[in-house]
Amino acid sequence: MRARKAAPYLLLLPHILLSALFLAGLAAGIGQSLGLMPALGLTEPTLDYYREAFTRPDMVRAVLYSLRTAAVSALIATAAGVGICAVLVLSRRAHDRLVGLVRLPIAVPHVVVALLTVLLCSQNGLLARLACLCGLIDEQSQFPALLYDGWGVGVILAYVWKETPFIVYFVLALMANIDGSLGQAAVNLGAGPWRAFRKVTLPLCRDTVLSGFLIIFVFALGAYELPFLLGATAPKALPVLAYIEYVHPDMRHRPYAMALNGVVILISVLSALAYYALMCRKVAALRERGGAR
Amino acid sequence: MRRKRIWSGALLTAGAAVILLPMLVMLVWVFTERWAWPALWPQTFSLRAVREVLHRTGQLAGVLASSVGISLAVAALSVLIGLMTARAIVLYDFPGRGAAVFFTSLPLMVPVTVFAMGVQVTFIRLGLNNTVHGVIIAHLLYSLPYAVYLLTDGTRALGVGLEEQARVLGASGLCAFRKVTLPLLTPVLLAAFSMAYIVSFSQYFLTLLLGGGQVKTFTMVMVPYLQGGERNIASVYSAIFLAVTFLLLVLFEKLARRWMRHGGGNFYG
Amino acid sequence: MELSISELRVCLQGTEILHGVDLDVADGEFVALLGQSGCGKSTLIQSVAGLLDIRSGEIRADGRSLAGVPPERRGTVIVFQNLRLFPHMTVFDNIAFSMALKKRPKAETAQVVERLLEDVQLPGYGRRRIRELSGGQMQRVALARALAAEPRLLLLDEPFSGLNEGLRDEMGRLVKKLHREKGLTTVLITHDRQEALRLADRVALMQDGRILQCGTPEEIFWRPASRAVAAYFGKINCLPGRAAGGAFSCALGTWPCPLEDGAWTAAVRPFDVRAVPGGGYTVTGIDFLGETAELTLAGPAGAVTCSVTAGALADMGLSVGSRTGLEADPGRAVYFKEEGTA
């Protein structure tokens with residue numbers, strides 16, 4: 001490997017600058033959540049805002065609501081995504097036209113996903129009409145309120161529709177590759193295709209699947225559009241509530257927003273550490289290959 | 001064996017239906033005038049919504065231009081910076097490589113809302129708030145991780161061997177990169193470009209907060225209609241912008257295919 | 001080009017791979033760098049080509065240091081083991097790569113490429129794509145591409161190792177012929193001792209990042225500097241013995257030999273040991289190899305390997321368990337002083 005000293009750092013320079021900006025934003029957010037707002041004369045760090053975030057009923061409910069929708073949607077999307085990958089790989093269709101179709105939702109912005117969810121799942125949406133046609137319901141109001149409800153069913157459905165293809169995109173190439181080489185070897189050694197897939201291919205994809213899960217979980221936890229457009233007035237999602245506090249005319253509300261963000265960061269940091277551990281294994285693999293000379 | 005194939009086919013077809021149905025319903029809404037409960041098909045069609053959107057041609061063209069322009073700029077920068085970053089990480093062993101890998105994926109682990117609210121003060125101080133290039137930088141931060149991810153894989157798969165060969169045959173470092181690595185990496189570059197474009201194009205919150213209503217992108221224009229319950233107008237906007245996106249993506253894909261089929265460029269013809 | 005390497009140390013990922021290598025290659029010479037995989041051969045030539053940073057030592061070309069000279073200005077062209085043909089170019093474009101860099105006129109380029117294709121016995125292959133070629137054809141294209149760059153020093157990194165024996169011989173002959181015709185200074189890396197002995201003017205044997213010995217094929221074969229060198233060129237029988245008063249004695253007998261008094265080991269190759277009528281040794285194994293056969297014998301000198309031609313084996317009528325005598329050819333033995341036991 002070439003070791004000209006400055007070259008890698010020069011190549012990384014733009015990324016380092018961007019990362020510095022990113023960290024500045026992150027640090028400012030954390031600082032404000034601790035009540036550090038020099039512009040308002042607040043210079044003493046305090047945990048009061050966090051304390052309140054964990055005791056004010058609407059904030060507690062927001063935390064629980066966001067955690068629940070993010071976790072449920074990420075779990076369903078990951079399971080469904082891996083399932084689709086498995087079907088595609090095991091039926092040898094990983095290079096099919098279908099793959100292009102499955103990846104379609106990745107290109108659809110979340111605000112459009114919100115529109116699609118409204119068109120389909122609202123009480124006068126297509127699903128309600130189908131239910132009526134089948135004689136399950138007579139009135140619009142009899143159709144379960146999937147949107148603007150306290151459980152965030154509509155939000156979860158929208159996330160699943162949007163993120164399942166992401167998992168497929170993230171995992172498929174690797175899975176097809178592993179199954180194509182090692183899986184075949186296992187089949188050769190006498191394992192059935194399904195058994196080979198479960199015992200060889202799936203474990204080897206685990207890190208990537210976990211990374212994918214973490215990415216969409218953190219995304220759903222901190223994304224604004226879908227809960228804003230499809231969620232209930234109460235409970236509100238964390239980012240929605242945070243934004244309301246953030247744009248409050250009274251600047252002294254801002255630390256609440258940051259404390260809510262701090263909660264998101266806390267959960268994100270834990271996820272990030274897990275993600276980094278997974279990435280470290282990838283770097284180790286890089287090293288091994290790099291040393292092949 | 002055959003039965004299994006039918007099963008998997010049925011399963012995948014169902015999946016395809018779940019993906020396509022909502023989009024088709026949206027297309028129907030583009031031309032819908034009246035669609036009363038509980039009918040499955042609209043009673044009256046009209047071009048009212050389409051006309052209404054097209055009437056404001058100035059606005060539509062402006063939003064299209066700024067939306068697509070911003071996303072193209074973000075995608076181009078993502079590919080450029082992503083490729084530099086990927087090469088540093090893959091081809092060199094240097095102190096801090098682990099940290100570099102960590103920072104390339106950090107934005108995936110910090111939601112946009114958290115970042116946007118935190119960074120706004122800094123943006124104001126840097127004069128980036130409410131500006132197009134501020135929005136581009138913010139989008140870039142969130143597009144870059146995907147680009148780096150794809151380009152790292154591509155760079156690793158290609159390795160440094162062919163570039164070394166070009167060097168010993170008399171090519172300078174830059175020349176070897178341009179004549180060998182670049183053409184061979186083109187499909188990956190286009191994939192990264194597409195992904196970065198999509199991520200940027202989908203952004204709502206970053207544009208909302210850091211663009212401050214001054215920077216009008218598709219999502220900015222579309223959300224008020226959605227909130228106002230104007231389903232057909234929202235559908236028209238969505239359809240137009242999705243069509244533009246898909247057209248661009250297909251174009252990128254075609255370019256990549258073509259490049260691969262011709263085995264890269266012929267530098268001597 | 002005259003190449004001179006002195007005290008070269010190279011590290012990869014913090015591990016020192018080359019521990020002070022010295023090697024001189026004269027202008028127009030053909031040197032084989034022989035050694036097992038992992039001994040540092042490839043690292044050495046990649047350092048020469050400027051692809052690796054060196055830790056200390058010096059590489060000089062025609063007397064001038066190459067330190068700080070980028071790979072593209074060294075005139076050292078490598079044909080890699082994995083060939084590294086550019087998959088997005090045709091055969092023609094691959095070979096013309098270096099000429100296009102030098103902005104040679106198109107007509108001249110076409111002419112040179114056509115001639116090189118003839119040289120490597122692939123006339124008319126210019127328009128082919130790389131993936132349409134067989135392994136042997138790819139090797140020849142890689143060779144032609146390297147020659148088109150007009151190297152001052154041609155470095156061949158086991159480019160024939162993927163080929164079957166027939167093609168290998170053919171490629172070897174081709175390289176040798178091109179070397180003779182063009183007077184090109186050439187360094188060939190190989191782990192195949194026969195290839196090294198057959199093709200090279202001089203052979204440098206490498207082990208664990210050091211050059212053990214460098215000399216003509218005859219020198220290195222008949223006068224190995226150490227037991228490790230002797231062992232690399234085939235099986236040897238090591239016969240411990242003593243020298244005293246101008247004679248060496250071991251289990252196979254005593255013969256006159258101008259050695260300093262003390263403990264010595266005589267290394268004798270299997271072909272220089274003969275089975276003779278007698279009874280001191282028992283045949284414990286016969287490996288029939290076709291044209292030759294290898295006998296393993298046990299007796300006073302321990303286990304001794306003895307090579308015979310297939311015909312001789314048939315004449316001797318030996319089989320496992322037979323008793324026979326044993327005799328060494330003193331003139332062919334090489335002696336190594338035993339340290340510390342004198």
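## Exercises on a predicted three-chain model

In chain B, 31 Å separate the centres of domain 1 and domain 2, taken over C-alpha atoms. This is a predicted model, in which local features need pLDDT of at least 70 and side-chain atom pairs count only at pLDDT 80 or more, while totals for chains, interfaces and linings use all residues. Residues are numbered from 1 along each chain as its sequence is written, and chains are lettered from A and ligands numbered from 1 in the order in which they are written.

**Exercise 1.** Find the bounds of the domains of chain B and describe the side of domain 1 that touches domain 2.

Start with the bounds, which come from an automatic or database domain assignment: domain 1 covers 1-46 and domain 2 covers 51-261. Next, look for contacts (C-beta atoms, placed from the backbone, within 7 Å). Five residues of domain 1 of chain B are in contact with six residues of domain 2 of chain B. On the domain 1 side, helix α1 (residues 2-30) of chain B gives the most, with four residues. Helices here (H or I, at least four residues) and strands (E, at least two) are DSSP runs, numbered from the N terminus. Finally, sort that side by class: four residues are nonpolar, one is polar and none is charged. In this scheme Ala, Val, Leu, Ile, Met, Phe, Trp, Tyr, Cys and Pro count as nonpolar, Asp, Glu, Lys and Arg as charged, and the others, Gly among them, as polar.

**Exercise 2.** Work out how chain B meets chain C.

Count first: 20 residues of chain B are in contact with 23 residues of chain C. Then ask which helices take part: α7 (161-168) and α8 (173-202) of chain B each supply at least two residues of the chain B side. The largest share, six residues, comes from α7(B). By class, the chain B side has ten nonpolar, seven polar and three charged residues.

**Exercise 3.** Describe the packing of α1(A) against α5(B).

Two packed helices are described by the angle between their axes and the distance between the axes. Helix α1 (residues 7-33) of chain A and helix α5 (residues 112-126) of chain B pack at about 95°, with axes 7 Å apart. Axes are lines fitted to C-alpha atoms, for helices over the stretch in contact, and angles run from 0 to 180 degrees between N-to-C directions. The two helices are therefore roughly perpendicular (65 to 115 degrees). Now list the partners: A:Phe22 and A:Leu26 are among the α1(A) residues that meet a set in α5(B) including B:Phe115 and B:Met117. The contact divides into nine nonpolar, four polar and no charged residues.

**Exercise 4.** Decide how far helix α10 of chain B is enclosed.

Eight of the ten residues of α10 (218-227) of chain B are buried, so the helix is largely enclosed by the rest of the structure. Buried means 20 or more other C-beta atoms within 10 Å of the residue's own, exposed 12 or fewer, and partly exposed in between, with C-beta atoms placed from the backbone. Among the buried residues are B:Phe218, B:Met222 and B:Tyr225. After the helix comes B:Gly229, whose phi is positive, near 75°.

**Exercise 5.** Trace the four-stranded open sheet of chain C.

The order is β17-β16-β15-β18, with antiparallel pairing; strands pair if DSSP finds at least two bridges between them. The edge strands are β17 (302-309) and β18 (323-328) of chain C, each pairing on one side only. From one strand to the next, the twist averages 55°. Strands β15 (273-288) and β16 (292-299) of chain C pair over six bridges, and C:Val283 has C:Leu297 in β16(C) as its bridge partner.

How values were computed
Contact = placed C-beta atoms within 7 Å. Parallel < 35°, antiparallel > 145°, perpendicular 65-115°, else oblique.
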